[in-house]
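Dear colleague,

I am handing over the structure we spoke about, with notes on what was found in it. Please keep it open beside this message as you read.

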Amino acid sequence: MIYITIAFYVEGKPIIDYFNLKKLNDSSKFQIFNKDEIFLIISGEGNINSAIATTYLLTKYGWKNEDIALNIGICGAKDGGFSKGDLILCNKIINHNSKRAFYPDILISHDMKEASLESFDFPVRKYHQEEIEGDIVDMEGAGFFEAASSFLYSHNIHCIKIVYDLLDFDKIDPKMVQEIIIKNIFKIENFINSLLTLNEKYLQRREDKKIKEILEKLKSNLHLTRSMEIELKKLLKIYLIRYKQIPEEIEEFVNIKVNSKKEGKEYFEKLKNFLTF
Amino acid sequence: MEKEIISHEITKEILKKFPNSQIITVNHYKEVFSRPRQNYKLQELSKKLILAKKREKFLSPASSLCQNFGHPYFYYANLIVNCIFNCDYCFLKGMYSSANIVIFVNIEDYFKEIDEILKKHPLYLSPSYETDLLAMEEIVPFFSRFVNYAYSKENLILEVRTKSVNYTAIKNLKPSPNIILAWTLLPQEIIERYEKTPNLSLRINTIKRAIHDGWKVRLSFDPIILVENWKEIYKKFIDYIFSEIPASKIQDITIGVFRIPKEYLKRMRKKFENEITLFPYVEDIDAYTYSPSTKEELLNFISSKVKNYIPEDKIYTI
């Protein structure tokens, strides 16, 4: 699954439209949108809201190890090489209040700029410049990241920000917000796809069904104890890694029905010897 | 990069080698290195460099699972944590929760501590214990710094263990009698299956150059891994080694079967399911290893083959 936390509907609208997400009937205070693997929640402003919404989304829809969580939204940039509309993947996220810092693992190549994000509990203006440690600022990233870190791998949690202003804004223009997000949506989609590919290739354990079936039969037919079962499971896995297939001879053992624990133990030893070179 | 070492000369030297890198500053390296929920297996695909300052415990006594060659004061210094190689059997996979490589840039503090220890007693030191120092030399010149430091220290013996073929790092240095270059060698079949490191023939060529230039060379057949047809594989390997390397020029040989602290293997099994981690080892005193009979058979067989080339008193087994 891909879980996306967004502060305001205006920021989420281009993403909702692009992925054709539909609003779910949810009795919570949050608006949630979904299609297939993607869930998007509108958290409201601030770190606390972002953390609550992220936790709600992940727990409600049953997060798994290979799931991805993203916080997408607009930000302000302090200075130094950023322009309006720049798409940024955050490599460090600082909670301005607690000074705690979080570090996503960036394991895939991407075509965004990288920068450190600092999340404040108030809108940041030019006159706050001296207080700012990060390169860019927002009001949600740290809350989102800390919450998602309680569940998911650090390479699957990311804050993606789009520069809206250089701390010189007066009023947020919803049309402008949507324009700069739409402009960058392909790059965001590419990033999501790269992460999905990485996870699919390396994370999802393909517990071999065949091993499970064989073990079930052996367990009952040979009266295996739990420790014998664990040992056989390991040996079968090694065999599978080495020879890419389960030996045909295993069928002979599967079809044996023993009458005593002693007899079961004897067959277990034979099976062990057979599977160990 | 820790903020405290941004202007350290070693930091600057390393950064010159990575002009396009993204630099992220941290207060303490453990904020990144010891984060919860890192995926070790995936980090191996894209290792990051963490530059830090070592603040305490510059030297530690080596594990009892390591061969001490009769030296009572066997210590290791971990200037670098983790390795550029990803050998399936490496204990580092069970020791740390991150595959990223930490370099402690303040090598001068290690030297100060060694100086203090040498005032009290001799020292047998391995600075390449949790990494491959020679393989890292292109990134950080710790190997050459250590060699230059060790020349004048009579009661210091330095063992630099490696699988590297980076002879460029060695060729301009003067050999010293108190520095031992220890190459880990295993049969090519094992290298291909479990190591992803420079192949055996390249390592042998590097060893030959080191011997030719006057370095003391130790061969380490460790860890011996049990595979099908192991007798045939290890016999062919040993015969090949000594058909290439003049046995009389070898300082000594160490042979050790695969062994790993129990906790490390348990953690490795959570990260990796492969032939090494899933093997049904038996519990030794404080480690998992092969059964006593298998261990004895492996050691006896390999030692007996090595004895055809090397006198017994130069062979150490563990």
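In this predicted model, W230(B), K231(B), Y234(B), K235(B) and I238(B) of helix α10(B) are in contact (heavy atoms within 4.5 Å) with E297(B), L298(B), F301(B), I302(B), K305(B) and V306(B) of helix α13(B). By class, the residues of this contact are seven nonpolar, no polar and four charged, where Ala, Val, Leu, Ile, Met, Phe, Trp, Tyr, Cys and Pro count as nonpolar, Asp, Glu, Lys and Arg as charged, and the others, Gly among them, as polar. Helix α10 spans residues 230–244 of chain B and helix α13 residues 292–307 of chain B, and their axes come within 10 Å and cross at roughly 30°. That angle makes α10(B) roughly parallel to α13(B), a term that covers angles under 35 degrees. Helices here are DSSP runs of H or I with at least four residues, and strands are runs of E with at least two; axes are lines fitted to C-alpha atoms, over the stretch in contact for helices, and angles run from 0 to 180 degrees between N-to-C directions.

Helix α10(B) also packs against helix α9 (residues 200–212) of chain B, at an angle of about 35° and with the axes 10 Å apart. On the α9(B) side the contact involves L200(B), S201(B), I204(B) and K208(B), which meet F237(B), Y240(B), I241(B) and E244(B) of α10(B); these divide into five nonpolar, one polar and two charged residues.

Two backbone features may be worth a look, given that most residues other than glycine have a negative phi, and most peptide bonds are trans. The peptide bond from D222(B) to P223(B) is cis, with omega near 5°, and P223(B) belongs to strand β9 (residues 216–224) of chain B. In chain A, D36(A) has a positive phi, near 50°, and sits in the loop between β3 and β4 (38–42).

On confidence, the model scores ipTM 0.88 and pTM 0.90, while chain B has a mean pLDDT (the predictor's confidence in each residue, from 0 to 100) of 94, with 100% of its residues at 70 or more.

As for conventions, residues are numbered from 1 along each chain as its sequence is written, and chains are lettered from A and ligands numbered from 1 in the order in which they are written. Local features need pLDDT of at least 70 and side-chain atom pairs count only at pLDDT 80 or more, whereas totals for chains, interfaces and linings use all residues, and side-chain values use heavy atoms, with hydrogens and water left out.

Note on methods. Angles under 35 degrees count as roughly parallel, over 145 as roughly antiparallel, 65 to 115 as roughly perpendicular and the rest as oblique.
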